[in-house]
Amino acid sequence: MFTSAFALALFAAVSIATPINQQSAFSLDESDALSVPEFASRPELFQLHKDLIQVSSLSRHEENATAFLSKYLSNQGLNVELLDSPAGGKNVYAYFGEDKNASVLLTSHIDTVPPYFNYSLERDAENRLRIHGRGSTDAKASVASQIIAAKELVAEKKVSSEDISFLYVVGEEIGGLGMVPADKQLIKEHVGWDTVIFGEPTGNRLAVGHKGIYYFQIRVYGRSCHSGYPELGVDANKALIGIMNDLLTTQFPESKLLGKTTVNIGEIDASNAANVLSPYAACTVLIRAASTTDKIAAVVDQIISKHEKDAIRIETETTQRADPTYVDYDAPGFNHTSLSCSTDVPNMLNRGFKRYLYGPGLITIAHSANEYILPDMLEQGVDDYKRLVLHALGRN
Ligand SMILES: *[C@@H]1O[C@H](CO)[C@@H](O)[C@H](O)[C@H]1NC(C)=O
Ligand SMILES: *[C@@H]1O[C@H](CO)[C@@H](O)[C@H](O)[C@H]1NC(C)=O
Ligand SMILES: *[C@@H]1O[C@H](CO)[C@@H](O)[C@H](O)[C@H]1NC(C)=O
Ligand SMILES: *[C@@H]1O[C@H](CO)[C@@H](O)[C@H](O)[C@H]1NC(C)=O
């Protein structure tokens, strides 16, 4: 799941608040990995998940994960094609038979955020097994459970193998650098699907969508003077503080589905001696938009123009701007959620197919220094992907 540095700080804060209880946790010998009772019902799932985590695949360094997954999928009898990405890594498109088209595309990403840490098993204070490792949640849990879900459906003869294809992309965590070119190439080759199921940690809930983003910098120019005679200058700090205060206290447009629009102020650049009025002050602002960014930007513009009289000049510069993404959530029997961070969904051109966004594991644990997943969540992921695929095919 793609997030900016600010959101990373947020996730870090959340994960600190999660009770970890390291003291009573104990590690299991890794060679026991497949003999723990929790893994008995679906050994292939837990083995694939483990194998994926044991390969380091930081964004821009995914080559070993691409190689592993290509080999795994071709061993299952799929045709595998590698699609280039400008970030260096290669995306994996896999399909059965001659036809690259399929009714349902299962897709997720194979890159992870840094730092890499390897697979390990641990029991928490309540004796629950935790599978640790970078990507254990985001998004190797989705990759493993999608593949096993498809395998089980084919083995149970509920779908024919031609019904399903797979796309596993690189570069998701750095802004869709894998999905964007992969999608362009697939469009050029006239490859299409009726339904695309995106795998990202949604807490095993069916997402209704995710917020957009409006990320910009504000630069305020004033005129310095002796702080004892402020009437001689224009205080850029004072103007910026006023703007920041308004940004943090204004009610931004919200939505029923996505909830509140949230505002975070990031870097504040206002270093100046305390006895001098500041000639310059700047800050970055990242707004998680629950409504269109046009509406959000209109509120921001209003706030800034209110403070224009307090400065010599105020500039804004947009770094990133994307409207909220809405996906389908009509499959029965799911709890729902909305996400406050970005995904690859908007990086695949919506050409009329249904889009679902679902994945095992909690977004609040993804990216943390303690990323892990519970075996139950992975297994529920398999069951839920099976239900989603059957729903997409109209066979439930
Ligand atoms: C993770 O651990 C396994 C087992 O010891 C090892 O084979 C693998 O190379 C490790 N992965 C990385 C990226 O260090
Ligand atoms: C890929 O695997 C090779 C062989 O195990 C290892 O030497 C190399 O460092 C790995 N590359 C990355 C980017 O992890
Ligand atoms: C594949 O799907 C696309 C778009 O849905 C369509 O234009 C194309 O003709 C299909 N190709 C085959 C071989 O069925
Ligand atoms: C929905 O959430 C409730 C409360 O967390 C849970 O008890 C229930 O099992 C969930 N239902 C599904 C279908 O996941």
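Predicted model: local features only at pLDDT ≥ 70, side-chain atom pairs only at ≥ 80, totals over all residues.
Biologist: What area do domain 1 and domain 2 bury between them?
Modeller: Together they bury about 900 Å², and 63% of that is on carbon and sulfur atoms. The size of an interface is often expressed in this way, as the accessible area lost when the parts come together.

Biologist: How many salt bridges does the rule find across the interface of domain 1 and domain 2?
Modeller: The rule finds zero salt bridges there, and it likewise finds zero residue pairs in polar contact across that interface when both residues are required to be at pLDDT 80 or more.

Biologist: Then what does the count of salt bridges come to by this rule?
Modeller: The count comes to 25 salt bridges. One of the pairs is Arg42 with Glu379, whose closest N and O atoms are 2.8 Å apart.

Biologist: Where do Arg42 and Glu379 lie?
Modeller: Arg42 is in the loop between β1 (26–27) and α2 (43–54), while Glu379 is in helix α8 (residues 375–392), so the pair ties together parts that are 337 residues apart in sequence.

Biologist: Changing topic to the ligands, which residues are around ligand 2?
Modeller: Around ligand 2 you will find His61, Glu63 and Asn64, and an oxygen atom of ligand 2 is 2.3 Å from an N or O atom in the side chain of Asn64. Taken alone, ligand 2 exposes 360 Å², of which the protein buries 34%.

Biologist: What about ligand 4, which residues are around it?
Modeller: Ligand 4 has Gly333, Asn335 and Gln380 around it, and one of its oxygen atoms is 2.2 Å from an N or O atom in the side chain of Asn335. On its own ligand 4 has 360 Å² of accessible area, and the protein covers 34% of that.

Biologist: Now the backbone: which residues does a cis peptide bond join?
Modeller: A cis peptide bond joins Pro114 and Pro115, with omega about -10°, and Pro115 lies in the loop between β4 (104–109) and β5 (120–123). The peptide bond from Asp138 to Ala139 is also cis, with omega near 5°, and Ala139 is in the loop between β6 (129–132) and α4 (140–155).

Biologist: And is phi of Arg60 positive or negative?
Modeller: Phi of Arg60 is positive, near 75°, in a residue other than glycine; Arg60 is located in the loop between α2 and α3 (63–75).

Note on methods
Residues numbered from 1 in each chain as written. Chains lettered and ligands numbered in written order. Heavy atoms only, no water. Near = heavy atom within 4 Å. Polar contact = N/O pair within 3.5 Å; in protein donor to acceptor, adjacent residues only side chain to side chain. Areas by Shrake-Rupley, 256 points an atom, 1.4 Å probe, with all protein chains shown as cover. Buried area = accessible area lost by both parts, 1.4 Å probe. Salt bridge = Lys/Arg side-chain N within 4 Å of Asp/Glu carboxyl O. Helix = DSSP H or I, 4+ residues; strand = E, 2+ residues; numbered from the N terminus.
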